[in-house]
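Shall we read a structure together, one feature at a time? Here is the one to keep open as we talk.

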Amino acid sequence: MNLVYEEGGDIKIATVQSGVGSGDAESWQATSLSGKKIKLKAKEVWLRFEKPEAQLVMNEAQVLSKEIDLQLLWDCAPTEEFGFIDVSQEYFGSQATVAQQVALAIALQGAPVYFRRKGRGRFQRAPEEQLQAGLAAIERKQKELELQSVWQQEFVAGKFPEKLRPLANQLLFSPDKNSSAYKALTAACAETGESAAQLMIRCEALDSPLAYHQGMFLKSHFPNGAHHDKSISIDQSAYDEAIAHLPVAQVQAFSIDDAGTTEIDDALSVTELLDGGHRVGIHIAAPGLVIMKDDPLDQVARKRMSTVYFPGDKMTMLPQSVIGQFSLDEGAPRPALSIYVDIDEVGRPKPETLQMQAEMVPISANLRLEDIEHLVSEDSLGDESATYPFRKELSILWRAAKILHADRQEKRVANGLRAEQLGVSDPNTLARDFYFQIKPEGDTERVEIVPRQRGSILDTIVAEWMIFCNRASGQLLAEHGLPGLFRTQKGWGPLRTRMQTTPGPHEGLGLDYYAWCTSPLRRYSDLVNQWQLIALAKHGVTAKMVAPFPPRDATLMGIAADFESCYQAYGEFQDRLEKYWCLRWINQDGDAKKVFVRHLKEGMSRVEQVPLHLPIPELAQHPRMTRAEVVVSDVDLLQLSAAVRVIEIEAPEALPGNIEEDAGSD
């Protein structure tokens with residue numbers, strides 16, 4: 001005997017091997033057409049038959065079920081509940097064969113739009129209104145599938161469907177995975193073996209791999225675009241009121257930056273004292289005098305957390321109009337938060353003279369490294385006939401910077417770290433900075449990557465005095481019990497450097513306190529700390545009562561966590577685009593390029609001419625700083641990868657210790 005039953009929504013047939021019981025309690029051991037041993041109960045069986053043979057019945061039923069006119073079947077079926085055997089006699093006639101009956105069962109089971117399942121082998125036709133709605137949905141789905149197939153073939157052929165062009169970015173970066181467009185794209189990618197980005201570049205819907213990398217970043221961090229809302233700006237009356245009563249500092253300050261810097265956050269000044277010493281001023285742009293906690297500009301800055309830097313462009317934390325009002329541009333007094341300290345004749349700071357004040361600071365000049373760095377040396381600083389600007393002030397700042405550096409190194413050594421070298425780094429080492437210049441060239445761009453050796457006198461002056469300013473700010477906040485965003489470093493491991501709201505040492509810098517405050521135009525942490533410092537400058541010991549963030553403020557703790565996350569993500573994006581432009585530099589003059597690399601560790605090496613890291617397994621067993629000449633080819637600008645072939649391996653050279661994190665100008 002053969003049994004017709006339903007399993008997983010499909011109609012199946014099994015042949016009985018043995019049975020027990022009778023009536024509704026009857027059950028059978030049977031073998032399905034696939035050879036599977038199963039047990040069936042009477043309540044699970046739709047139909048029993050002896051002949052024909054089970055496989056023949058199923059083969060014929062499957063063919064017949066495809067020929068059944070479902071609309072006619074619906075018309076033939078009664079409005080009330082019915083059994084499939086009864087309606088098979090209406091459809092095929094009173095002598096319906098077993099194969100025809102099974103075919104009806106298959107058709108009814110597979111047509112939920114026309115018929116509702118009511119029980120074992122029993123159905124009821126759908127109401128006409130629901131049937132028409134279901135048929136319309138099926139028709140729409142069929143049209144979607146047809147359109148999806150057309151789109152897929154257009155993608156494969158390298159033509160982006162015109163209807164989808166306005167959705168190109170959405171389709172790539174934030175797709176609706178249930179949409180026909182996305183399904184067509186993924187099907188085309190599966191057919192061609194390309195990634196979605198590769199296919200869209202081939203179809204000219206995506207400009208370049210660069211647009212892909214930028215688009216992925218914008219999707220995650222700037223889903224509404226990186227442009228600022230022009231309606232959000234500084235109220236001029238609020239600005240005028242904030243600076244109206246600020247005293248004008250009796251100094252002539254100057255900044256030191258590279259030519260590409262437009263957000264000038266900091267400046268220095270030197271004033272001679274009667275006792276032969278000097279007063280050094282570190283002047284920090286003061287947007288915190290006008291931008292208030294929770295106002296619209298604060299919300300903009302808090303959402304962005306930092307300016308995003310990358311080769312060829314940047315996304316500023318604050319609108320350019322606001323930056324223009326507070327940047328320490330030369331030619332006029334600018335609102336600033338100044339920290340002063342007196343130094344003696346040899347240049348050693350006197351801690352007891354530390355003071356802080358909000359004031360208008362005359363900015364005499366914006367010095368650019370490219371213009372004067374090559375003129376500044378130990379000899380020229382002591383040569384009164386040297387004519388470059390602020391020679392005397394730079395000489396005094398340099399003398400004091402060497403003392404500040406030496407004091408920090410003593411603390412580093414006490415912390416178990418190696419002392420850092422002072423001065424220009426060995427040109428044979430990798431301790432260099434790089435300037436990326438992206439220039440239009442026909443329909444594309446050409447990149448020039450210019451190295452600059454770290455550790456010049458001007459580098460050291462800026463670095464040491466900004467570190468001093470951050471240390472002094474952290475110390476002032478700590479001594480007055482004010483919370484802030486402190487940058488700490490202790491011990492080793494991936495989380496050894498972090499942001500926290502309570503004071504802590506920065507062992508890498510050799511400091512007991514360290515709070516970023518020197519870049520409030522481009523880092524939210526510095527703006528937050530500036531608010532706290534302004535409260536301290538205005539209110540002294542009562543600052544805790546009026547500061548924007550009181551002790552143990554939960555909001556400040558959240559800001560610390562959010563800042564760390566954003567700052568890391570922005571840094572990774574900058575690294576990613578630097579790698580992109582380095583690879584562009586590799587292949588912009590041909591498909592392959594010979595370069596020299598230095599092995600760092602575990603087979604990872606860095607190209608000497610540009611800041612590009614490449615895995616080179618052949619160097620994995622060689623000592624650190626082993627030099628090799630290699631050929632770089634097969635550059636993939638989407639995957640940011642390349643093939644490397646070693647030509648020659650030279651003898652290793654020693655590399656002096658690099659500057660620890662945060663030992664730069666910030």
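Q: What should I know before I start reading?

A: This is a predicted model, so local features need pLDDT of at least 70 and side-chain atom pairs count only at pLDDT 80 or more, while totals for chains, interfaces and linings use all residues. Residues are numbered from 1 along each chain as its sequence is written, and side-chain values use heavy atoms, with hydrogens and water left out.

Q: Which residues of helix 1 are buried, and which are exposed?

A: Buried means under 20% relative accessible area, exposed over 50%, and partly exposed in between (1.4 Å probe, protein chains only). An α-helix has 3.6 residues a turn, so residues three or four places apart point the same way. In helix 1 the buried residues are Ala54, Val57, Met58, Ala61, Leu64 and Ser65. Looking down the helix axis, these fall within an arc of 135° (taken from the directions from the axis to the C-beta atoms), so they line one face of helix 1. Leu56, Lys66 and Glu67, on the other side, are exposed.

Q: What covers the buried residues of helix 1?

A: Contact means heavy atoms within 4.5 Å. The cover includes strand 1 (2–7), strand 2 (10–20), strand 5 (45–49) and helix 4 (98–109). Helix 4 itself lies across strand 1, strand 2 and strand 5, running at about 165° to strand 5. For such angles, axes are lines fitted to C-alpha atoms, for helices over the stretch in contact, and values run from 0 to 180 degrees between N-to-C directions.

Q: What is the strand order in the open sheet?

A: Two strands pair if DSSP finds at least two bridges between them. Here 5 strands form an open sheet in the order 4-3-2-1-5, with antiparallel pairing. Strand 4 (37–41) and strand 5 are the edge strands, each pairing on one side only. From one strand to the next, the twist averages 40°. Strand 3 (residues 27–32) is joined to strand 4 by 5 bridges, and Ala30 stands opposite Ile38 in strand 4.

Q: Where does His228 lie, and is this residue buried or exposed?

A: His228 sits in the loop between helix 9 (209–221) and helix 10 (236–244). With 19% relative accessibility, His228 counts as buried.

Q: Which polar partner does the side chain of His228 have at 3.4 Å?

A: A polar contact is a pair of N or O atoms within 3.5 Å; within protein, one must be able to donate a hydrogen and the other to accept it, and residues adjacent in sequence count only if both atoms are side-chain atoms. The side chain of Arg304 makes such a contact with that of His228 at 3.4 Å. The backbone oxygen of Thr316 is 2.8 Å from a polar side-chain atom of His228.

Q: How many residues of strand 23 are buried?

A: In strand 23 (residues 627–636), 8 of the 10 residues are buried. Strand 20 (residues 592–601) runs antiparallel to strand 23, with 7 bridges between them.

Definitions and conventions: Helices (H or I, at least four residues) and strands (E, at least two) are DSSP runs, numbered from the N terminus.
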